[in-house]
Amino acid sequence: MEYSDFDLINGIKNGDKDALSLLIRRWYPKVYSYCCKVTENEQDSYDITQDVFISVMQNIDRFHIWNKFSSWIFTIAHNKCMDYFRLQKKTRSVQALETELHAPQPALEEQIAVSDTLERALLRLPETQRDTIILHCCQQFTCKEIARMTNTPLPTVKSRLVAAKKTLSKLLWEDFR
């Protein structure tokens with residue numbers, strides 16, 4: 001029997017550990033995938049995803065059924081990823097990041113698949129544009145949902161999405177010439 005997110009949340013609120021397990025199994029891959037795309041770091045993405053589900057468990061009583069669970073959990077994931085970047089900024093200097101981004105690539109990387117080229121192009125986008133395009137294109141959220149999740153005005157989300165698409169197009173065109 002397939003349970004809805006609503007059913008599972010009610011079960012969790014009533015202490016059903018099986019409901020919690022089912023909810024985690026349903027959402028873990030999607031949240032982890034999002035965190036990986038945003039942070040570009042698998043190990044940190046595991047940690048962030050764990051933090052997301054800890055927050056879900058701690059705050060499940062605050063979830064209102066009239067909201068979409070997917071928007072709620074991805075809002076938590078977005079906030080945890082932003083916390084990750086804030087921590088990274090404290091521990092790494094801007095100069096070190098620039099050196100990483102502009103470091104010469106080994107000869108082997110010249111034979112990388114198209115998906116790796118896209119990931120590198122995504123890394124070159126400003127953080128806000130990268131996050132917006134990942135939420136929109138990879139996670140299939142609407143601009144309105146992204147605006148709510150990131151607490152950003154809708155026109156700003158739309159302009160970030162347009163700018164990200166233009167920049168990605170330019171970067172990918174340069175890579176494939």
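**A walk through the model**

Modeller: Happy to! Let's begin with helix 8, which is mostly covered, as 6 of its 8 residues are buried. Buried means under 20% relative accessible area, exposed over 50% and partly exposed in between, with a 1.4 Å probe and protein chains only. Helices are DSSP runs (H or I, at least four residues), numbered from the N terminus. This is a predicted model, where local features need pLDDT of at least 70 and side-chain atom pairs count only at pLDDT 80 or more, while totals for chains, interfaces and linings use all residues. Residues are numbered from 1 along each chain as its sequence is written, and side-chain values use heavy atoms, with hydrogens and water left out.

Colleague: Which residues of helix 8 are buried?

Modeller: They are C143, E145, I146, A147, M149 and T150. E145 has a relative accessibility of 9%.

Colleague: What does E145 form a salt bridge with?

Modeller: Its partner is K68, with the closest N and O atoms 2.7 Å apart. A salt bridge here is a side-chain nitrogen of Lys or Arg within 4 Å of a carboxyl oxygen of Asp or Glu. The pair links distant parts of the chain, 77 residues apart: E145 is in helix 8 (residues 143-150), and K68 is in the loop between helix 3 (42-59) and helix 4 (69-91).

Colleague: And how accessible is K68?

Modeller: K68 is partly exposed, at 47% relative accessible area.

Colleague: How many salt bridges are there in the whole structure?

Modeller: A search finds 3. One of them joins the side chains of R26 and E2, at 2.9 Å from N to O. R26 lies in helix 2 (residues 17-39) and E2 in the segment before helix 1 (5-13), so this pair ties together parts that are 24 residues apart in sequence.

Colleague: Are those two buried or exposed?

Modeller: E2 is exposed, at 66% relative accessibility, and R26 is partly exposed, at 25%.

Colleague: Which other salt bridge does R26 make?

Modeller: Its side chain also meets that of D5, at 2.7 Å from N to O. D5 is in helix 1 and R26 in helix 2, 21 residues apart, which makes this another link between distant parts of the chain. Through shared partners, salt bridges join E2, D5 and R26 into one network.

Colleague: Let's stay with helix 1. Which of its residues are buried?

Modeller: D5, L8, I9, G11 and I12.

Colleague: What comes just after helix 1?

Modeller: G15 does, with a positive phi of about 85 degrees. Just after helix 8, N151 also takes a positive phi, of about 55 degrees.

Colleague: New topic: which residues form a nonpolar patch on the surface?

Modeller: M1, Y3 and L22 do, with about 350 Å² of accessible area together. Patches are made of residues with over 30% relative accessible area and no salt bridge; like charges are joined within 9 Å and nonpolar side chains (Val, Leu, Ile, Met, Phe, Trp, Tyr) within 5 Å. Accessible areas come from the Shrake-Rupley method with a 1.4 Å probe, and for residues only the protein chains shown count as cover. L22 is in helix 2 and is partly exposed, at 32%.

Colleague: Last one: where is P155?

Modeller: P155 sits in helix 9 (residues 154-176), and is exposed, at 61% relative accessible area.

Methods. Helices (H or I, at least four residues) and strands (E, at least two) are DSSP runs, numbered from the N terminus.
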